[in-house]
Amino acid sequence: MTEPTILTNAVVLTMDTARPRAEAVGFAAGRIVAVGSHAEVTAALPDARVIDAGGRSLLPGFVESHLHLVLGGAELSQLQLGGLYGFDALHKAFADYAAAFPERPILLAQGASYEILGAPVTRADLDRVLPDRPIAMMSPDHHTVWANTAALTAAGLLQGAKMPHGHEVVMGADGLASGELREFEAFGPILALGGEAHLQLGIATGAEPAPWPSEAMRAADRDKVAAGLAHCAAHGITSMVNMDGNRYTCELLRELEAEGRLTARVKVPFHFKPHMDLAELDRASAMAADYCGEWVSSGFVKMFMDGVVDSRTAFMLHPYPDSDITGAPLFDPARFRDICTEIDRRGLQIAVHAIGDGAVRTTIDGYEAAQSTGNRDLRHRIEHIELIDPADIARIPALGIVASLQPPHAPGAMDFPMSTMGSVIARDRWQDAYLCRSLVEAGAKVAFASDWPVTDVSVLRGVQAALTRPTYQGSANQQMGLYETLYAYTAGGAWAAHMENLTGRLMVGLAADLVLLDGDIETTAPQDLGNMGIALTIAGGKITYDGGRVG
């Protein structure tokens with residue numbers, strides 16, 4: 001759809017406070033030309049094609065504020081284990097997958113629950129599943145992999161391996177690898193067996209592929225990214241912040257743009273790792289200068305301060321239940337403050353993965369130190385904030401920090417079971433866990449996301465999770481309202497990504513990024529929102545997904 005077009009007879013939620021509601025939206029040449037009544041919009045575009053929305057809800061295209069596009073696209077063809085439990089079911093799933101793909105050097109599975117076998121998984125368990133071919137399965141949070149003996153041997157990990165701080169090849173009592181691999185550099189050699197190690201560099205090491213991939217390899221990689229883009233478009237997503245990446249990621253996206261296959265605006269970080277010297281930030285500045293278009297952009301630095309609660313690698317201020325383990329920060333706090341100050345001085349945004357309350361506090365301290373540079377509108381972000389000390393809540397809005405949150409992550413809200421709460425977060429801290437509403441009420445700017453492929457990328461399922469999530473024992477209600485949730489998935493996400501002058505609202509002059517839902521979101525029961533379909537997704541005035549529901 002490139003000709004002037006009007007979507008009318010819609011329930012338009014513009015996310016523009018000056019004109020929050022309308023009946024029709026008209027656009028041409030990739031930009032919104034008119035928003036208002038049917039008469040107003042048709043007067044502005046008298047010769048436009050008209051689409052009758054049939055009373056459906058029309059919103060700005062969704063902004064996915066935290067996902068992993070390249071990894072998610074590549075994983076679409078792998079074995080999916082979400083919701084599967086028990087040895088017999090696991091055995092059958094891998095057996096069927098192995099029969100379907102006899103030529104693959106390793107059989108990789110995604111979405112394996114930490115509780116999939118009811119006890120910690122070992123290589124012996126996976127040897128029973130399939131002993132004669134390398135197999136491995138990734139946890140939903142993408143921070144743990146379990147591999148069988150054949151895979152560990154092929155990857156050179158069976159005897160163990162020295163790893164950077166925070167990354168671990170877990171060893172068994174027999175002196176050999178147990179099969180559990182924690183964090184990216186530990187399981188990187190396993191993933192490399194599938195021939196996609198170069199796609200992991202943006203999250204694992206922050207390096208670039210060497211040698212640079214051939215055109216044939218880049219074409220195959222572009223197809224994987226395109227599959228991820230199509231998957232996201234089917235859920236109404238028109239902009240996204242890719243939370244891993246490097247220059248190679250940007251180049252793949254730019255090549256897709258040149259081919260006319262880039263169906264969403266993608267922001268890509270430079271990934272700064274603990275072992276790097278500050279001079280490596282020259283690469284981040286170069287990426288920011290080289291990729292600053294409306295469809296492919298950089299301009300921010302991503303870091304990991306800790307791991308995840310399920311593997312007890314998230315950094316806590318107090319020990320995990322029934323243990324003396326607190327986890328540890330991946331960056332020395334004093335050095336982290338220096339790093340933040342230098343990034344801020346360069347005028348780059350910072351996004352830090354911080355899940356435990358210790359990691360959150362260390363990140364806030366780093367951002368506070370960075371304010372000495374005088375840059376006040378960089379909108380530094382904290383990703384996840386699954387646990388926060390009450391004393392740190394007010395510091396987030398006071399320092400202008402964006403809370404980048406994932407409503408589907410709260411146990412019991414969507415796909416993660418409630419049972420994980422008791423094993424990883426002490427009962428007296430449940431009141432400080434997954435505090436969406438508390439952060440909003442404190443005045444924090446929030447942006448919502450899925451962290452796909454960690455969870456389902458469906459925005460509408462995420463909206464349902466935000467509105468219906470359980471209230472934990474002894475905790476305040478953290479459920480969100482519909483409009484503030486939609487704002488966090490649209491205008492709030494655009495603002496957090498410095499895209500507010502381009503997308504996130506339905507306003508004259510902004511990009512024609514829209515999503516037409518297959519129903520009226522205001523009259524649909526919250527518990528049914530996840531079942532609502534997408535009728536149309538439009539990015540830059542072009543249809544990127546057509547659900548076949550409108551004429």
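## Exercises on a predicted model

Glu40 is partly exposed, its relative accessible area being 41%. The model used throughout is predicted.

**Exercise 1.** Describe the surroundings of Glu40.

*Solution.* Begin with the secondary structure: Glu40 belongs to helix α1, which spans residues 38-44. Next, classify its exposure. Buried requires under 20% and exposed over 50%; the value for Glu40 is 41%, so this residue counts as partly exposed. Then list the contacts. With residues up to four places away in sequence left out, Glu40 touches Arg19 and Val35. Within that excluded range, a polar atom of the Glu40 side chain lies 2.8 Å from the backbone nitrogen of Ser37.

**Exercise 2.** Determine how helices α9 and α10 are arranged.

*Solution.* Locate the helices: α9 covers residues 247-258 and α10 residues 281-290. Their axes are 11 Å apart and form an angle of about 15°. Angles under 35 degrees count as roughly parallel, and α9 and α10 are therefore roughly parallel to each other. The crossing of α9 past α10 is left-handed. At the residue level, α9 contributes Arg247, Cys250 and Arg254, which meet Ala286, Met287 and Asp290 of α10.

**Exercise 3.** Identify the residues of the largest nonpolar core that touch the most other members, and examine Leu181.

*Solution.* The core has 110 residues, and those touching the most other members are Phe62, Leu181, Ile190 and Met303. Beyond its neighbours within four places in sequence, Leu181 contacts residues including His143, Val145, Leu152, Glu168, Phe187 and Ile190. Another core, of 38 residues, lies apart from the largest one; Phe94 and Tyr472 are among its members.

Key. Residues are numbered from 1 along each chain as its sequence is written. This is a predicted model: local features need pLDDT of at least 70, side-chain atom pairs count only at pLDDT 80 or more; totals for chains, interfaces and linings use all residues. Side-chain values use heavy atoms; hydrogens and water are left out. A nonpolar core is a set of buried Ala, Val, Leu, Ile, Met, Phe, Trp, Tyr and Cys residues joined through side-chain atoms within 4.5 Å. Buried means under 20% relative accessible area, exposed over 50%, partly exposed in between (1.4 Å probe, protein chains only). Contact means heavy atoms within 4.5 Å. Helices (H or I, at least four residues) and strands (E, at least two) are DSSP runs, numbered from the N terminus. A polar contact is a pair of N or O atoms within 3.5 Å; within protein, one must be able to donate a hydrogen and the other to accept it, and residues adjacent in sequence count only if both atoms are side-chain atoms. Axes are lines fitted to C-alpha atoms, for helices over the stretch in contact, and angles run from 0 to 180 degrees between N-to-C directions. Angles under 35 degrees count as roughly parallel, over 145 as roughly antiparallel, 65 to 115 as roughly perpendicular and the rest as oblique. A crossing is left-handed if the near helix is turned anticlockwise from the far one by less than a right angle, and right-handed if clockwise.
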